[in-house]
Amino acid sequence: MLLFTPGPTPVPQNVRNAMSDETMHHRTPEFEAIFERTRKHLFNLFKTDEVVMLSSSGTGAMEAAVINLCKHTLLNVNSGKFGERFGAIARANGLEAVTIENEWNVAVSVEAVVQEIKNNPNIDAIAVQISESAGGLRHPVEAISEAVKAVNPAIMIIADGITAGVKKH
């Protein structure tokens with residue numbers, strides 16, 4: 001298991017040296033070759049059909065997901081700082097945000113999520129963290145996704161996996 005938690009993160013000397021080199025333009029053949037190799041590595045790492053690389057912070061990735069995958073109402077699972085942030089992003093972008101608020105570091109129940117989508121037919125996306133890094137909480141994202149899709153297959157599941165880690169095969 002690789003765990004991607006917030007820093008401080010030790011940076012090896014060879015990486016610091018590479019970062020001090022002249023910036024490579026993103027439209028050069030050299031950059032395109034590095035980008036393509038990196039994409040291939042990410043496909044292999046995540047075992048997925050698509051990989052999107054964003055040049056932003058984690059919050060930028062959260063905003064990109066919300067504004068592109070939610071058109072009306074976001075159901076936001078809030079069990080910590082990053083769950084709180086999803087609701088703020090939705091509201092800042094003019095979307096309605098319905099929040100299931102738990103004590104910090106308390107996982108949401110599948111039943112609570114299903115009940116909320118049954119109560120509010122305008123919900124078209126759900127935002128949940130796979131892992132809330134502050135306390136190590138892991139939400140039952142797979143079970144939530146399965147139960148939600150059984151009720152409404154059109155609902156988008158936004159699963160924030162920044163600190164979730166990757167299972168090695």
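Biologist: Before the fold, what counts as a helix or a strand here?
Modeller: Both are DSSP runs, numbered from the N terminus. A helix is H or I over at least four residues, and a strand is E over at least two. Keep in mind that this is a predicted model.

Biologist: Fine. In what order do the elements of the protein chain run?
Modeller: From the N terminus on, the order is α-α-α-β-α-β-α-β-β-β-α-β. That gives six helices and six strands.

Biologist: Which strands form the open sheet, and in what order?
Modeller: Four strands, in the order 2-1-3-6. Their pairing is parallel.

Biologist: Which ones are at the edges?
Modeller: Strand 2 (96–101) and strand 6 (156–160). Each of them pairs on one side only.

Biologist: And how many degrees does the twist average?
Modeller: From one strand to the next, 20 degrees.

Biologist: How many bridges link strand 1 and strand 2?
Modeller: Six, in the parallel sense. Strand 1 covers residues 73–78.

Biologist: Switching to helix 6. Which of its residues are buried?
Modeller: Helix 6 spans residues 141–151, and its buried residues are Val141, Ile144, Ser145, Ala147 and Val148.

Biologist: What do those pack against?
Modeller: Helix 5 (110–119), strand 3, strand 5 (137–138) and strand 6.

Biologist: Now Ile67. Where is its place?
Modeller: In helix 3, residues 58–69.

Biologist: Why does Ile67 count as partly exposed?
Modeller: Because its relative accessible area is 38%.

Biologist: How far apart are Ile67 and Ile89?
Modeller: They are 22 residues apart in sequence. In space, C-alpha to C-alpha, they are 8.7 Å apart.

Biologist: Whole chain now. What does the C-alpha trace span?
Modeller: About 55 × 35 × 30 Å along its principal axes. Of the 169 residues, 31% count as buried.

Biologist: What about the accessible surface?
Modeller: About 10,800 Å², with 55% belonging to carbon and sulfur atoms.

Biologist: And how many positive and negative side chains?
Modeller: 15 positive and 19 negative. The centres of the two sets lie 5 Å apart.

Biologist: Last one. Of contacts between residues at least 6 apart in sequence, what share join residues at least 24 apart?
Modeller: 66% in the protein chain.

Technical notes:
Residues are numbered from 1 along each chain as its sequence is written. This is a predicted model: local features need pLDDT of at least 70, side-chain atom pairs count only at pLDDT 80 or more; totals for chains, interfaces and linings use all residues. Side-chain values use heavy atoms; hydrogens and water are left out. Two strands pair if DSSP finds at least two bridges between them. Axes are lines fitted to C-alpha atoms, for helices over the stretch in contact, and angles run from 0 to 180 degrees between N-to-C directions. Buried means under 20% relative accessible area, exposed over 50%, partly exposed in between (1.4 Å probe, protein chains only). Contact means heavy atoms within 4.5 Å. Accessible areas come from the Shrake-Rupley method with a 1.4 Å probe; for residues, only the protein chains shown count as cover. Lys and Arg count as positive and Asp and Glu as negative; His and the chain ends are not counted. The place of a charge is taken as NZ of Lys, CZ of Arg, CG of Asp or CD of Glu.
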